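Welcome, and thanks for taking a look at this one.

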Amino acid sequence: MSQLSFSTLQLKPELIQNLESMGYQQMTDIQAQSLPTIIAGGDVIAQGKTGSGKTAAFGLGVLEKLDVKRFRIQSLILCPTRELADQVAKEIRKLARAIHNIKILTLCGGMPFGPQVGSLEHGAHIIVGTPGRIEDHLGKGTLKLDDVNMLVLDEADRMLEMGFQASVDFIISQIPQQRQTLLFSATYPAEIADIAKKIMQSPTKVTVEGNH
Ligand code: ADP
Ligand code: MG
């Protein structure tokens, strides 16, 4: 744990209050090192072990940047598996509890397509999903990412290992270049560095060794 409290950050007051009610007092190291840059609008590559608190790091960045009055898909969070996407969506819903009328939608493979299309017709602010299914929706025209200004790649190393590189490339080609990009990973192999170079703008790199 860092010694820093979330209240040292320029976050919406309702986010800070909700963190208190969640019992999150101090930031973990990866949160303390990445959130100031994320909130300032910079691209960040953050490397840290499982359990280091990466979800709240990018989740708070996404929620701080979001304009809930604009009912458009403003953030896309890509995860390697449905289980991880569900966990991320659950944590972001908790972090977002004090933001009224926020709509967070998960789009993962292994789930029927039709209901996802129905949900997309109703609209969302944030999409959390797996690359294959997001690519399918883009291909069918049931999802448009023209208003996305924040892209998060969570567990980027695992997404690569699972063979999602081509899907991720295609998805990124459908998102405006004028955006903020956050890349979170447990490891940082050369392939990830290459991808980061292609899709990010002067990223700040943060590495945390321990768990908290
Ligand atoms: P990672 O994605 O790095 O593996 P998670 O985001 O899943 O880690 O977080 C691990 C656990 O730590 C979760 O149960 C989460 O609720 C908790 N957690 C994250 N940040 C904090 C914090 N600042 N204070 C207390 N608990 C936290
Ligand atoms: Mg994680």
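## Around the ligand

The shell of residues around ligand 1 holds 3 nonpolar, 8 polar and 1 charged. Please keep in mind as you read that this is a predicted model. The residues in question are Tyr24, Met27, Thr28, Gln31, Gly48, Thr50, Gly51, Ser52, Gly53, Lys54, Thr55 and Ala56.

Which helix gives the most to this shell? That is helix α3, spanning residues 54-65, with 3 residues.

## Helix α3 and its partners

Let us stay with α3 and look at how other helices pack on it. Helix α2 (residues 29-39) packs with α3 at an angle of about 20°, and their axes are 9 Å apart. Since angles under 35 degrees count as roughly parallel, α2 is therefore roughly parallel to α3. Their crossing is right-handed. On the α2 side the contact is made by Ile30, Gln31, Ser34, Leu35, Ile38 and Ile39, and on the α3 side by Lys54, Ala56, Ala57, Leu60, Gly61 and Glu64. Sorted by class, the contact of α2 with α3 has 7 nonpolar, 3 polar and 2 charged residues. Gln31, Lys54 and Ala56 are also listed among the residues around ligand 1.

The packing of α3 with helix α4 (residues 82-95) has an angle of about 55°, with the axes 10 Å apart. That angle makes α3 oblique to α4. The crossing of α3 and α4 is right-handed. Here α3 contributes Thr55, Ala56, Gly59, Leu60, Val62 and Leu63, while α4 brings Val88, Glu91, Ile92 and Leu95. The contact of α3 with α4 divides into 7 nonpolar, 2 polar and 1 charged residues.

## The sheet

Now for the strands. In what order do the 7 strands of the open sheet run? They are arranged as β3-β4-β2-β5-β6-β1-β7, and the pairing is parallel. At the edges are β3 (104-107) and β7 (204-208), each of which pairs on one side only. On average, neighbouring strands of this sheet are turned by 15° against each other, with direction ignored.

For a detail within the sheet, take strand β5 (residues 150-153) and strand β6 (residues 180-185). These two pair in the parallel sense over 4 bridges. Methionine 150 stands opposite glutamine 180 in β6.

Helix α6 (residues 131-140) lies across β2 (75-78), β3 and β4 (126-129). Relative to β3, helix α6 runs at about 100°.

Helix α6 also packs with helix α8 (residues 165-173), at an angle of about 45° and with the axes 9 Å apart. The two helices α6 and α8 are therefore oblique to each other. What is the hand of the crossing of α6 and α8? This crossing is left-handed. The residues making the contact are Pro131, Gly132, Ile134, Glu135 and Leu138 from α6, together with Ser167, Val168, Phe170 and Ile171 from α8. By class, 6 nonpolar, 2 polar and 1 charged residues make up the contact of α6 with α8.

Technical notes
Residues are numbered from 1 along each chain as its sequence is written. Chains are lettered from A and ligands numbered from 1 in the order in which they are written. This is a predicted model: local features need pLDDT of at least 70, side-chain atom pairs count only at pLDDT 80 or more; totals for chains, interfaces and linings use all residues. A residue is near a molecule or strand if its C-beta atom, placed from the backbone, lies within 6 Å of it. Ala, Val, Leu, Ile, Met, Phe, Trp, Tyr, Cys and Pro count as nonpolar, Asp, Glu, Lys and Arg as charged, and the others, Gly among them, as polar. Axes are lines fitted to C-alpha atoms, for helices over the stretch in contact, and angles run from 0 to 180 degrees between N-to-C directions. Angles under 35 degrees count as roughly parallel, over 145 as roughly antiparallel, 65 to 115 as roughly perpendicular and the rest as oblique. A crossing is left-handed if the near helix is turned anticlockwise from the far one by less than a right angle, and right-handed if clockwise. Two residues are in contact if their C-beta atoms, placed from the backbone, lie within 7 Å. Two strands pair if DSSP finds at least two bridges between them.
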